[in-house]
Amino acid sequence: MFRNGITDIFFDLDHTLWDFEKNSALTFEKILLQHQIEVHLPHFLEIYVPLNQEYWKLYREERVTKAELRYQRLKKTFDALQIRIEDTLIDVLANDYIAHLSSFRHIFPNTREALDYLLPKYRLHIITNGFTEIQYKKLKNADIHHYFDQIIDSETAGVKKPHPKIFEVALDRAGVSPEKTLMVGDNLEADILGAQAMGMNALHFNAHREPDHDVCPIITDLIEIKNIL
């Protein structure tokens, strides 16, 4: 399935190991209650989640800034809900969201089992487009930080996946050539195609049940890695 000689495995973090949607929902439940914003949480998330995905795509493409991402995804959600929120409160909510997000620690089923299986055989690393100030906290609070050798984030690298430079930085820091690596991630564009463009092997963790494809092998549960490697 993959070329022989893989020594290093790079994982995406959000939506691959760390259950972003569950942790994000719990964070919003906390901060909306704290600020006494009366909104039906499932309805809020129904609008927010696709908006967040849209703005993260714009952020990857350098079409919005970090500040614009944090503000606009909330502003547009409240506008769609026809809830009037002052800009100052949106800024407070945006900051509180980041402050509390990493305190929730849900990971995908079988994350630890898969990592326990891989760790004796491979060096494990993280390549993430998330923000520097919270990505390590997520790993630490979920108690999976100790599995990983190198943790590369887009703010430190100066570019975001799928830009080649972030993969170059990761390969250089790990001291490994691309053909000896495997990238595991949920985003076809950022993780899979980005890694393959660098000559890395790739494995798609299809967490969102997207349509099947033949770009690379697909898994829907992390424990399936045991049948591949």
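Select strand 1 (residues 8–11) together with strand 2 (residues 123–128): four bridges join the two, which run parallel. Strands here are DSSP runs of E of at least two residues, helices are runs of H or I of at least four, and both are numbered from the N terminus; two strands pair if DSSP finds at least two bridges between them. The model is predicted, with local features requiring pLDDT of at least 70 and side-chain atom pairs pLDDT 80 or more, while totals for chains, interfaces and linings use all residues. Residues are numbered from 1 along each chain as its sequence is written, and side-chain values use heavy atoms, without hydrogens and water.

Strand 4 (residues 181–185) pairs with strand 1 in the parallel sense over four bridges.

Show the side chains of strand 1. Asp 8 and Phe 10 point one way, Ile 9 and Phe 11 the other, and all are buried (under 20% relative accessible area, 1.4 Å probe, protein chains only).

Now display the whole open sheet: six strands in the order 3-2-1-4-5-6, with parallel pairing. Strand 3 (151–153) and strand 6 (218–219) are at the edges with a single partner strand each, so one side of each has no neighbour in the sheet.

Finally, select helix 2 (residues 41–60) and helix 3 (residues 66–80), whose axes, lines fitted to C-alpha atoms over the stretch in contact, lie 9 Å apart at an angle of about 150°, on a scale from 0 to 180 degrees between N-to-C directions. The helices are therefore roughly antiparallel (over 145 degrees).

Conventions. Angles under 35 degrees count as roughly parallel, over 145 as roughly antiparallel, 65 to 115 as roughly perpendicular and the rest as oblique. Buried means under 20% relative accessible area, exposed over 50%, partly exposed in between (1.4 Å probe, protein chains only).
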